[in-house]
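Hi,

Here is the structure I promised to pass on. Have a look at it first, and then read my notes below.

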Amino acid sequence: MPLSTSLFSIGVPWKAARLLGVAVATWAVGALYTVRANPEIAFFRRCAAVKQLWAQKLDLEYTNKVVFCGGSSCTTSVDGERMLSQHRLPALNLGLGAGMGAKVLTHYAQDSVRTGDTLVVALEPDLLAGPLRIESLGAQFGLSIGEPSLLRDPNRVDWLSALLDLRPGGYHTFTLVTKVVLRRPLYPYFAAELHPSGWHEVGARRAVKSVKEAPTKLSKEGRSWLVALHDWCDQRNVRVAYALPWGYSSPEDLKRFQGCNLRFLYEVAATMPVLKDPNLGADTNLEHFADTPFHPTAQGAALRTDELAREIKPWTIWTRDELDERLKAIPLDPSQSPR
């Protein structure tokens with residue numbers, strides 16, 4: 001009995017060690033796939049490389065620039081080459097993917113902002129209406145480009161969480177296998193769609209549905225994030241403003257959608273200046289959108305770029321009183337009252 005007990009006690013650690021070894025090896029394979037082979041991360045790595053080349057060009061040739069921060073609605077809307085050639089505004093589009101979360105997207109833009117620059121915060125309202133955290137996609141992107149500082153929250157990196165985020169999820173694996181079996185593209189977007197300024201001209205065309213509603217309130221975390229970002233800009237002599245992304249809304253849904261956007265802007269205006277977009281984030285022309293209600297075609301992006309330039313050059317800003325007056329003119333549910 002003592003001998004068998006001794007063998008059992010010796011065997012258990014070895015079995016556990018083997019299981020641990022298998023787990024570590026499995027994680028390592030998944031992590032390597034994520035940072036090197038995942039088609040989504042590969043696309044965003046290429047985006048980053050293109051954007052950084054344009055950033056270097058602007059910093060060499062101009063004393064100041066306009067930096068845009070946001071998700072894919074930003075990436076697909078701001079044509080830096082057009083803004084420079086048509087409006088003489090050196091502009092750097094640092095939009096990536098909304099799935100990375102507000103924190104990583106903001107940190108990525110902050111790293112390229114210099115004293116005297118202008119920062120236009122074009123984060124999608126959804127990113128500021130809920131809890132703010134380091135998302136898995138953001139962690140994967142930051143580590144894949146060798147910039148773990150993007151994952152600081154607020155000033156430290158949770159390395160354990162970041163490393164665990166390198167595992168490809170079950171849904172991703174299932175989707176990838178399905179695409180391979182059906183011989184479909186592994187990712188809907190391609191590096192060839194990226195322009196030298198970092199603007200992404202979407203080639204895909206899909207049915208686009210009208211946006212009827214949108215977030216009307218900032219979350220407590222979203223509000224704190226914008227206030228802290230405004231303070232960060234003030235400390236560095238950086239001009240900052242929020243710009244609402246444009247979305248497709250049918251004429252029937254227009255009043256409702258603009259009402260939601262007005263309510264949201266009313267809250268944002270208490271944290272930082274808001275660019276005075278006369279369209280209030282709505283475009284009723286379906287031909288201006290490619291594959292989602294927030295991804296414009298080349299024509300839509302040109303219109304959006306021109307409008308942003310018209311707002312930025314004279315620095316046209318909404319006041320909260322103006323937003324309040326506009327809200328009174330649009331019927332809203334009682335729950336959406338600004339007060």
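How many aromatic pairs does a search of the whole structure find? The search turns up seven, where rings of Phe, Tyr and Trp (its six-membered ring) pair if their centres lie within 6.5 Å. One of them joins Tyr187 and Tyr189, edge-to-face at 5.7 Å centre to centre with 80° between the planes (planes under 30 degrees apart are stacked, over 60 edge-to-face, the rest tilted). Tyr187 is buried at 14% relative accessible area, and Tyr189 is buried at 15% (buried is under 20%, exposed over 50%, partly exposed in between, with a 1.4 Å probe and protein chains only).

A quick word on the model: it is predicted, so local features need pLDDT of at least 70 and side-chain atom pairs 80 or more, while totals for chains, interfaces and linings use all residues. Residues are numbered from 1 along each chain as its sequence is written, and side-chain values use heavy atoms, leaving out hydrogens and water.

Next, charges over rings (NZ of Lys or CZ of Arg within 6 Å of the ring centre and within 35 degrees of the ring normal). The charged end of Arg239 sits over the ring of Trp315, 3.9 Å from its centre. Arg320 does this with Tyr266, also with its charged end 3.9 Å from the ring centre.

Happy browsing!
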